[in-house]
Each structure stands twice: as C-alpha cells, then as structure tokens.
Amino acid sequence: MLSLRRWFFSLATHSTLSCSSGITLFLVPPLILKNTLCNSSKKNLSCYCGEPNKKNGFFSVASDLQSSSSCTKDSPFSGLEDALVSYLFGKKRATDIAHMVWKQVVQKGDTVIDATCGNGFDTLAMLNLVADDSHDGYVYALDIQEDALNNTSLLLEKSLSSNERQLVKLFNICHSKMENVVPRNASVRLVAFNLGYLPGGDKEIITVSETTSLALEAAKRILMPGGLISIVVEELEAVESFATKLCVENWICCKLQMLNRPFGPIPIFLYRR
C-alpha cells in the first residue's frame with residue numbers, strides 16, 4: 001500500500017486536480033490513517049476541501065504542492081507535504097503550519113510584519129527568523145488592543161536579550177494602517193495575520209471584515225516579490241474575496257480547510273512570485 005505521503009502526492013500531481021474549476025473533496029478512511037499518522041480507533045473520515053481554479057488564482061494546497069516543476073521552484077510549500085498531512089489529521093495546529101511555511105520564506109535580516117500580534121507568540125517566532133548579528137532584521141508588531149501589546153511586550157522581555165528586543169517595534173494601531181509605521185523603503189518579506197479575538201481577552205473585540213480587507217490591500221502594496229501574506233482565520237469571506245482577485249501569474253494562493261472541523265482556524269497563504 002502507498003504511504004499516505006505518496007498517496008497525497010499522487011493526488012497533488014494528478015492533472016484533473018490542478019486544472020479543475022470545481023471543488024475537490026478528499027475523504028480519508030481510517031485504514032489509511034492506521035498505517036500513517038492517526039490512531040484509527042479514535043478517528044472517522046477526515047474531510048479536506050480544495051478549490052483549484054486557475055481563472056481566479058485561488059488554489060488548493062494539494063494542487064500547489066508539486067503539481068509541476070515550475071511550481072516546485074517558486075512555491076513555499078515544497079518539502080512540507082508531511083507537515084500538511086499532519087495538519088489535516090489533527091497532529092499539528094494551523095499556527096504550527098504557518099510557522100513552518102514562514103521558515104521556507106523568511107531570511108535573516110528581513111523586515112516582517114505581525115499585523116495582529118495578540119499575545120506575542122507569532123511576533124517572537126518572526127524575530128527568531130530575522131534576527132542575526134547584522135541587526136538588520138525588524139519585526140513590526142501591531143494590535144489595536146493595548147492588552148495585546150502589553151502581553152507581547154512581557155513575552156519579549158522574558159524571551160529576548162536587550163539587543164534583540166530593539167529589533168521589535170510595537171504599535172497600538174489597526175492593521176489596516178500598517179503603511180503608516182513601516183518605512184517606505186522597507187522590503188517586507190512577510191505579513192502575518194491571526195484574525196479573530198485576543199486569546200484570553202474580550203471576545204467581543206474582534207477583527208472585522210472591513211478593516212481586514214483594507215489591511216490585506218496594504219499588505220499587497222508593500223510586499224516584495226518572493227514575499228508571503230500568511231493568514232490564520234475562522235471567518236473566511238473577506239480573505240477569500242481578496243485572494244480570488246489576485247493574478248495567478250503573480251500569486252500562489254491556497255487554503256487548508258477541514259470540512260468536519262468547521263469552527264477551527266484555517267491557514268491561508270498568499271505567496272507573491
């Protein structure tokens with residue numbers, strides 16, 4: 001029997017998957033899970049929904065993984081097949097996958113933006129990716145809530161040296177205003193969003209589609225070629241509306257969504273070629 005990785009790869013490289021304009025649904029039975037990642041006694045079918053569509057540039061992760069040699073060269077997902085399958089079967093969180101994709105894209109000395117810094121864990125992960133002895137890398141961390149900035153600041157104080165903390169710039173500002181704080185000449189490699197409410201905070205204060213749409217447009221304007229917009233989100237409408245309008249020649253756009261976990265966060269990646 002093929003391993004799950006080879007099975008997933010065969011789906012990713014199948015021509016009907018990469019060119020179909022319909023919705024692709026994968027139902028993975030416990031028999032496969034038993035021999036790979038999951039305990040079959042605790043799992044039923046896992047469902048994955050993909051929407052490969054060359055017309056509007058919104059691809060499923062499966063179709064982007066290794067559907068062609070050219071895609072493999074400029075895709076941030078090359079080599080992550082096992083990790084993505086682990087996410088599909090509940091072995092990794094959406095934020096784990098996001099961090100793994102960031103490592104494929106971000107380089108030492110880069111400028112990156114945490115557009116919704118929350119409790120600071122993404123900010124810290126970004127700093128570890130860009131910081132080096134040159135002190136050229138910077139993280140611009142934004143949040144509209146003061147509690148979020150305080151939480152982020154406390155985490156950075158505990159985790160970083162004084163020199164490293166100088167590489168993180170905190171701003172109490174809406175993510176739609178990121179262009180107001182990032183230097184105009186900065187080459188931004190990554191803009192990351194974790195949309196929703198502040199974990200442990202007031203659930204009545206959440207990101208909204210209007211400002212999210214403006215923030216995504218701002219991220220698009222300042223992102224360098226070879227850069228990534230990374231989104232972890234529960235409310236998809238605004239993000240999908242933005243992503244489906246991106247030109248397929250210039251962008252690789254994908255999402256990873258479980259149909260039988262409808263309320264879980266969904267990782268979305270918009271990679272500028």
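A residue counts as buried when its relative accessible area is under 20%. The model discussed here is predicted, and that cut-off is applied to its helix α6, which spans residues 81-88. Of the 8 residues in α6, 7 are buried, so the helix is mostly covered. The buried positions are Glu81, Ala83, Leu84, Val85, Ser86, Tyr87 and Leu88. Just after α6, the backbone at Gly90 adopts a positive phi of about 80°.

Helix α7 covers residues 94-105 and helix α8 covers residues 121-130. Their axes come within 11 Å and cross at roughly 25°. Because angles under 35 degrees count as roughly parallel, α7 is classed as roughly parallel to α8. The crossing of the two helices is right-handed. On the α7 side, the contact is made by His99, Trp102 and Lys103. On the α8 side, Phe121, Asp122, Ala125, Met126 and Leu129 take part. Sorted by class, this contact between α7 and α8 has 5 nonpolar, 1 polar and 2 charged residues. The spacing of such positions can be read against helix geometry: an α-helix has 3.6 residues a turn, so residues three or four places apart point the same way.

The loop between α7 and β4 (111-114) contains Asp110. Is Asp110 buried or exposed? With a relative accessibility of 8%, Asp110 counts as buried, because this value is under the 20% cut-off. Leaving aside residues up to four places away in sequence, Asp110 touches Val105, Val130, Gly137, Tyr138 and Arg189.

The cysteines remain. How many disulfides does a search of the whole structure find? The search finds 0. For Cys247, the nearest cysteine sulfur is that of Cys253, 9.7 Å away, and Cys247 is in no disulfide. A disulfide would need the two sulfur atoms within 2.5 Å. Cys247 is partly exposed, with a relative accessible area of 34%. Cys254 is likewise in no disulfide. Its nearest cysteine sulfur is also that of Cys253, at 7.7 Å. Cys254 has 0% relative accessibility and therefore counts as buried.

How values were computed:
Residues are numbered from 1 along each chain as its sequence is written. This is a predicted model: local features need pLDDT of at least 70, side-chain atom pairs count only at pLDDT 80 or more; totals for chains, interfaces and linings use all residues. Side-chain values use heavy atoms; hydrogens and water are left out. Axes are lines fitted to C-alpha atoms, for helices over the stretch in contact, and angles run from 0 to 180 degrees between N-to-C directions. Helices (H or I, at least four residues) and strands (E, at least two) are DSSP runs, numbered from the N terminus. Angles under 35 degrees count as roughly parallel, over 145 as roughly antiparallel, 65 to 115 as roughly perpendicular and the rest as oblique. A crossing is left-handed if the near helix is turned anticlockwise from the far one by less than a right angle, and right-handed if clockwise. Contact means heavy atoms within 4.5 Å. Ala, Val, Leu, Ile, Met, Phe, Trp, Tyr, Cys and Pro count as nonpolar, Asp, Glu, Lys and Arg as charged, and the others, Gly among them, as polar. Buried means under 20% relative accessible area, exposed over 50%, partly exposed in between (1.4 Å probe, protein chains only).
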